[in-house]
Amino acid sequence: MTHQRTLRRRGRSAAVFALGLLGGNLIARLNVDGHGDAPARHSRRIVDNAGEAIISADEFSRVVLANPAAAAMFGVSVGQMLGQPLAHFIRAPAEPGGSPLDYFQGGGRAGRRATDYAGVGMRADGDAFPIEGSITDAFQDGVTLYTIILRDISERQRVQQKLARSHDQLRQLSAALQTIREEERTHISRELHDDLGQLLASLRMDLTLLRETCAGSDDSQRLIAGMDANLLTAITSLRRIATNLRPRALDEGGLYFALQGLRDDFVERHGIACELLADEAELRLDDQASTAIFRIVQEALTNVARHAQATRVTLTLYRSNSELLITIRDDGRGIDDADMEKAESLGLVGMRERVWGLKGEISIGPDEGPGTRIDIVLPVASHIV
């Protein structure tokens, strides 16, 4: 009965279970002289020629069978492995006296299969290396034998570590590019507002003076009125472009007033009701966090205007201890998983990168009923001013 519970708990695949039975039956059928009958010799040839390392151990965690692949993995011969404690080759569990099953429980699941468990191998020269193992037990003739199939995953871990480093470097590069882009936007916005904006305003003042000196000509008055209207349109467009590049409210009033301006502009341009629920005192953050949050909300509203077909949007921002919780909800058509995985969904990618740049978390998905919901959690303790 104990044997059956063990097998169910370990959940071995059919292939691993078959190899386990093969190893167990092989040991049970070997004669004292080590040769055994014909089926046992056939099974031994299968085990010896297997490409993966195979070890069988008894209930006292002593090696009773090992194939050449296992010996090569640990840098010893097959003869040097037989009769030795399993702990000479696989790092033992914290509590001594355990069965071979305990050697692969502490490390947790690993690898590509649900039957793989993590462990640490020990070579003859003392070098430790990562392994994953699939283990099964077989009960025959009053003896419980454990067959372990091992894989050296050193190379896989090196590749994973290299990928992780590359991923971190890409994140750092993305953050650096975001910072450079914001600095360029700020510079261009100020140039437009301070230089070109002042020039257009000065031209309009000159045009007003010209209108007074040419009061006698109707044609001149019409021409001047048209020029004045064009200048006013140019000034309005310039302010809109400069604000899109870098809202002055973000520098002069802070995040709360910048979001208010963003909300008002969104309602005016798209005719979609938008409610902002926030407290100014909770949004007093430094420039890095304020800019990132403003861009996140800006991108979310842009996506609503382009794709959601919504009639209402709700923006909620509030602080809870050292975290800022942001929720953006709309009543539009909703969003599918396929929409978020599209290569052209660069807006969503940008939002995620900004959130991750602040070491936060973001969740995007359908809301209850129709619509989309975005939930963001940002740690802002180091950004409060």
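Let's start with Ile 293: leaving out residues up to four places away in sequence, it touches Leu 255, Leu 285, Leu 317, Leu 324, Ile 326 and Leu 378. Touching here means contact, that is, heavy atoms within 4.5 Å. Before going on, some bookkeeping: this is a predicted model, where local features need pLDDT of at least 70 and side-chain atom pairs count only at pLDDT 80 or more, while totals for chains, interfaces and linings use all residues. Residues are numbered from 1 along each chain as its sequence is written, and side-chain values use heavy atoms, with hydrogens and water left out.

Now the overall picture. The protein has 12 helices and 10 strands, which are DSSP runs numbered from the N terminus (helices are H or I with at least four residues, strands are E with at least two). Of its 385 residues, 38% count as buried, meaning under 20% relative accessible area, with exposed over 50% and partly exposed in between (1.4 Å probe, protein chains only). Among contacts between residues at least 6 apart in sequence, 56% join residues at least 24 apart.

Back to Ile 293. Along with Leu 259, Val 313 and Leu 315, it is among the residues with the most contacts inside the largest nonpolar core, which has 40 residues. Two or more residues each come from helix H9 (255-270), strand E6 (273-277), helix H10 (287-308), strand E7 (312-320), strand E8 (323-330), helix H12 (346-357), strand E9 (361-366) and strand E10 (372-379). H10 gives the most, with 10 residues. Apart from this core lies another, of 22 residues, including Ala 66, Ala 70, Met 81 and Ile 148. A nonpolar core is a set of buried Ala, Val, Leu, Ile, Met, Phe, Trp, Tyr and Cys residues joined through side-chain atoms within 4.5 Å.

What sheet goes with those later strands? An open one of 5 strands, in the order E6-E7-E8-E10-E9, with mixed pairing. Strands pair if DSSP finds at least two bridges between them. E6 and E9 are the edges, each pairing on one side only, and the twist averages 10° from one strand to the next. Within the sheet, E8 and E10 run antiparallel, joined by 8 bridges. H10 lies across E6, E7, E8 and E10, at about 10° to E8, whereas H12 lies across E9 and E10, at about 150° to E9. For these angles, axes are lines fitted to C-alpha atoms, for helices over the stretch in contact, and angles run from 0 to 180 degrees between N-to-C directions.

The other open sheet also gets a tour: its 5 strands follow the order E2-E1-E5-E4-E3, with antiparallel pairing. Its edge strands are E2 and E3 (117-122), each pairing on one side only, and neighbouring strands are turned by 35° against each other on average, direction ignored. E1 (residues 53-58) is joined to E2 (residues 63-66) by 3 bridges, and pairs with E5 (residues 143-152) over 6 bridges. In the hairpin of E1 and E2, Ser 61 takes a positive phi near 60°.

H6 (residues 154-213) includes Ser 154, which is buried at a relative accessible area of 13%.
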